[in-house]
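Take a look at one helix pair and its surroundings. A short report follows.

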Amino acid sequence: MNSRDNLAGHPRRALRAFAGITPEAGLIRKALLLGSLYLCQALPMGFIFGGMPIIMRSEHVPLQQIGLLFVLHFPWAMKIFYAARVDRHYLPTLGRRKTWIVPLAWLSAILFFTISFLDMGRHYPVIFAVLLIYNLAMATSDIAVDGYATDILAPGEMRWGATLQACGRFAGMILGGGLFLALYGVLGWPQICRLLALAQFLLSLPALTIREPSAPHVPHAMPGDRPGVLGFLKQPRARWAIPALLLPTAFFFCGFQMRMPLMADLGLIPKEAGTILMHVGYPVGFAATVLSGWLLKRVGALPFLRFFCLGAIGLTAATICHAGRGTISPTHAAILLACDNALLGAINVWAYTLIMRLSAGRQSGTGVAALGSIFMLPPLILAPPAGAVGDRVGFFTLYSGLLALMLLCWAMTEGVLAEAKRRGSSPLGVTK
């Protein structure tokens with residue numbers, strides 16, 4: 001074989017490594033495939049939410065328009081309303097998951113390529129509309145990706161699926177919001193968008209060769225296995241899972257979203273904040289996410305959740321101290337932001353392990369989308385009023401209130417889980 005044939009064979013051999021991945025395949029092969037699919041989503045999203053606000057400000061886009069980027073999160077929370085259709089409808093020739101994953105990934109790459117021809121200053125409304133369609137396409141694809149992950153992962157492997165998903169977010173911020181933002185100064189807007197489009201296309205290619213399982217893992221069959229979102233949410237474990245997911249996390253997420261504005265008020269300049277996030281915050285979050293996948297199995301779901309609650313309360317108390325002083329050093333800011341991202345990664349691993357295990361079955365995509373949307377809705381709903389409260393009473397009082405609410409919600413969570421266990425419907429039992 002000559003050198004040209006050898007080089008041409010490498011991509012084929014790489015893709016063949018993903019072929020035939022079923023529930024019986026090795027965890028490493030599954031992880032490589034799922035990692036490529038989650039990074040396919042996370043890389044452009046990291047650029048949109050991590051890099052674009054800075055780029056837009058450098059192009060003199062008004063702050064009001066930059067703030068509209070927040071609206072792009074909503075397609076990800078709205079999956080609950082149509083996830084069952086994605087689960088039910090597909091082209092048999094392509095496969096249940098590939099019908100959605102591959103075409104939507106390629107559509108998303110085309111959309112990013114399209115905005116490379118538009119000027120940020122003059123065509124921002126058009127760019128925003130295209131990005132809204134992009135996020136709708138990626139959120140829809142995510143239903144199929146999460147469903148496929150739940151289908152092929154064995155019960156003991158699902159914590160690693162949740163870990164990959166959470167790591168994908170941090171990798172997206174590190175690469176999309178860091179590396180690609182740095183490259184923007186050299187390449188400019190058109191080339192960055194085209195490079196992101198190419199990366200998304202290449203990362204989606206392994207999905208072409210996979211063989212979908214005919215019999216997904218069903219570790220805990222739900223009674224009746226009712227079709228649709230409402231049918232899924234009426235099942236006992238799913239009903240008890242909702243307060244278990246929301247009570248410990250909702251006000252932590254509010255504190256997470258308010259912490260960067262607090263850093264600015266305490267005197268941390270944007271360059272320092274960006275450096276801390278890229279060199280400390282995101283890498284620590286990534287490492288803590290990987291560690292959480294290992295730790296969750298060793299300590300169990302309920303002790304893991306209690307560790308998180310203690311950590312969130314400690315972080316909030318430290319935040320109150322700095323808010324009261326009115327200043328913060330870069331070192332202390334790095335410690336707070338590292339803890340912030342570590343806790344975010346940990347709770348996402350815990351939550352999505354629970355969600356995937358509860359959703360395993362014939363409508364896994366529906367279940368993951370339903371519980372995942374419910375899990376992420378509180379910060380979208382509570383962040384604006386939390387910001388308004390902060391404007392009125394200041395960060396010290398805001399975080400003091402959040403601390404009190406976290407303590408109350410932790411106590412309520414313990415009561416809810418104890419009652420669910422008494423009734424034989426504890427959602428945490430599926431994460432052991």
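How close do the axes of helix H11 and helix H16 come, and at what angle do they cross?

## Basis

This is a predicted model; local features need pLDDT of at least 70, side-chain atom pairs count only at pLDDT 80 or more, and totals for chains, interfaces and linings use all residues. Residues are numbered from 1 along each chain as its sequence is written, and side-chain values use heavy atoms, without hydrogens and water.

## The H11–H16 crossing

The axes of H11 (residues 250–265) and H16 (residues 395–422) come within 11 Å and cross at roughly 160°. Axes are lines fitted to C-alpha atoms, for helices over the stretch in contact, with angles from 0 to 180 degrees between N-to-C directions. H11 and H16 are therefore roughly antiparallel (an angle over 145 degrees).

The contact (heavy atoms within 4.5 Å) includes Phe 251, Met 258 and Leu 262 of H11 and Leu 398, Leu 402 and Met 406 of H16. By class, the H11–H16 contact has 13 nonpolar, one polar and two charged residues.

## H16 and its packing

H16 has 28 residues. It reaches 40 Å from first C-alpha to last, close to the 40 Å expected at 1.5 Å a residue. Among its buried residues are Phe 395, Tyr 399, Cys 409 and Ala 420 (buried: under 20% relative accessible area; exposed: over 50%; 1.4 Å probe, protein chains only). The buried residues of H16 pack against H10 (236–246), H11, H13 (301–325) and H15 (364–393).

## The end of H16

Lys 421 is found in H16. It counts as exposed, at 65% relative accessibility. Lys 421 and Trp 240 are 181 residues apart in sequence, yet 9.7 Å apart in space, C-alpha to C-alpha. Just after H16, Gly 424 takes a positive phi of about 75°.

Terms used
Helix = DSSP H or I, 4+ residues; strand = E, 2+ residues; numbered from the N terminus. Parallel < 35°, antiparallel > 145°, perpendicular 65-115°, else oblique. Nonpolar A, V, L, I, M, F, W, Y, C, P; charged D, E, K, R; others polar. Expected span 1.5 Å × (residues − 1).
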